[in-house]
Amino acid sequence: MEQMERPDSYEAFAYVYDNFMDNIPYEEWADYLIGLLKEYGVQEGIVADLGCGTGNMTELLSDAGYDMIGIDNSIDMLEIAREKSMDSEKQILYLLQDMREFELYGTVHAIVSICDSMNYVTEKEDLVKVLKLANNYLEPRGYFIFDMNTEYKYRTQLADKTIAEDREEMSFIWDNYYDEDSKINEYRLSIFVQEEDDLYRKYEEVHYQRAYSLDEVKEAIEEAGMEFVTAYDAFTKEEPKETSERIYIVAREKFQEGKQYEYYEEEKE
């Protein structure tokens, strides 16, 4: 069996990602997210999806009538996302950018980040950077809605556990290590993909996510110049609980007199 090291996040996993994530009810998650957007007045317009991955949620938001921009720092993920948009004939703009340094050509109606992409921002100062950029590129009083895995989930559901799945043409072993002092969860992925000669190629990747308390997120939102609106226990309208495994956070752009807002044209090239 040939072993191949792949140090960059999601390079190897990109090509098997959708297969192993087929247990996620993306349609239900999209319904919940769309409900939040509409509740906060985002009925249409341009929406940016940070950490869009292979574009599953981006496509569903496009289906709902939003003019989508997908942003991810994995070229492999974006290649798959672009193939999907070509197949579905959707006009989605995909940008290869790090969410800590993302740049847009103008303001957007809303920004979203789903599937714990924000947990990949492992330094609080970088979390503030992302929020500052969101504040900069949102239209006046625009909303940033994102989810996060909680410390409870890392500590009780993932810590020091191994998750494995074996399928006919591919399999993976996923080892988790959670450090309660740093609040960093380390994912070690070993992926086995069947090649044309029926041999399996092994890929290895390491990922890091950080758990933030809601108070830490609120502080980061305030430091970034945004307004904290609310937080929900995921897929409900209830306040987060001690046992919440995922929470949704709603932040709002704080309108400032004299701030220059550069607007997108309604149709993107």
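Reply: Let's start with Asp160, which counts as exposed because its relative accessibility is 61%, above the 50% cut-off for that label. Keep in mind that this is a predicted model. You'll find Asp160 in the loop between helix 6 (151-158) and strand 7 (162-166). Its backbone is worth a look too: phi of Asp160 is near 55 degrees, a positive value in a residue other than glycine. Why point that out? Because most residues other than glycine have a negative phi.

Now hop along to Lys183. Phi of Lys183 is near 60 degrees, again a positive value in a residue other than glycine. Lys183 also sits in a loop, this time between strand 8 (170-179) and strand 9 (184-194). Is Lys183 buried or exposed? With 18% relative accessibility, Lys183 counts as buried, since the cut-off for that word is under 20%. So Asp160 is exposed at 61%, whereas Lys183 is buried at 18%.

Let's step back to the whole chain for a moment. The protein chain has seven helices and 12 strands, and buried residues make up 54% of its 269 residues. Take the contacts between residues at least 6 apart in sequence: 67% of these join residues at least 24 apart.

Tyr26 belongs to helix 2 (residues 26-39) and, at 10% relative accessibility, counts as buried. Tyr26 and Cys115 are 89 residues apart in sequence, but in space they are 9.6 Å apart, C-alpha to C-alpha. Ser62 is part of helix 3 (residues 56-63) and counts as buried, with 18% relative accessibility. If you set aside its neighbours within four places in sequence, Ser62 is in contact with Met68, Lys90 and Ile92.

What about the inside? In soluble globular proteins, nonpolar side chains tend to be buried together. Here, the largest nonpolar core has 35 residues, and Ile69, Leu104, Ile111, Leu131 and Phe144 touch the most other members. Several elements give two or more residues to this core, including strand 3 (67-72), strand 5 (108-113), strand 6 (138-149) and helix 7. The largest share, seven residues, comes from helix 5. Apart from this core lies another one, of 33 residues, with Met21, Leu33, Leu60 and Met68 among them. You've already met Met68, as a contact of Ser62.

Two packed helices are described by the angle between their axes and the distance between the axes. The axes of helix 5 (residues 124-137) and helix 7 (residues 214-223) come within 8 Å and cross at roughly 50 degrees, which means helix 5 is oblique to helix 7. The crossing of helix 5 past helix 7 is right-handed. Which residues do the meeting? From helix 5 they are Lys124, Leu127, Val128, Leu131 and Lys132, and facing them in helix 7 are Glu216, Glu219, Ala220, Ile221 and Glu223. The residues of this contact divide into five nonpolar, no polar and five charged. Look out for Leu131 here: this helix 5 residue takes part in the contact with helix 7, and Leu131 is also among the core residues that touch the most other members.

Conventions:
Residues numbered from 1 in each chain as written. Predicted model: local features only at pLDDT ≥ 70, side-chain atom pairs only at ≥ 80, totals over all residues. Heavy atoms only, no water. Axes fitted to C-alpha atoms, helices over the stretch in contact; angles between N-to-C directions. Helix = DSSP H or I, 4+ residues; strand = E, 2+ residues; numbered from the N terminus. Parallel < 35°, antiparallel > 145°, perpendicular 65-115°, else oblique. Left-handed = near helix turned anticlockwise from the far one by under 90°. Contact = heavy atoms within 4.5 Å. Nonpolar A, V, L, I, M, F, W, Y, C, P; charged D, E, K, R; others polar. Core = buried A, V, L, I, M, F, W, Y, C linked by side-chain atoms within 4.5 Å. Buried < 20%, exposed > 50% of the residue type's maximum accessible area, 1.4 Å probe, protein only.
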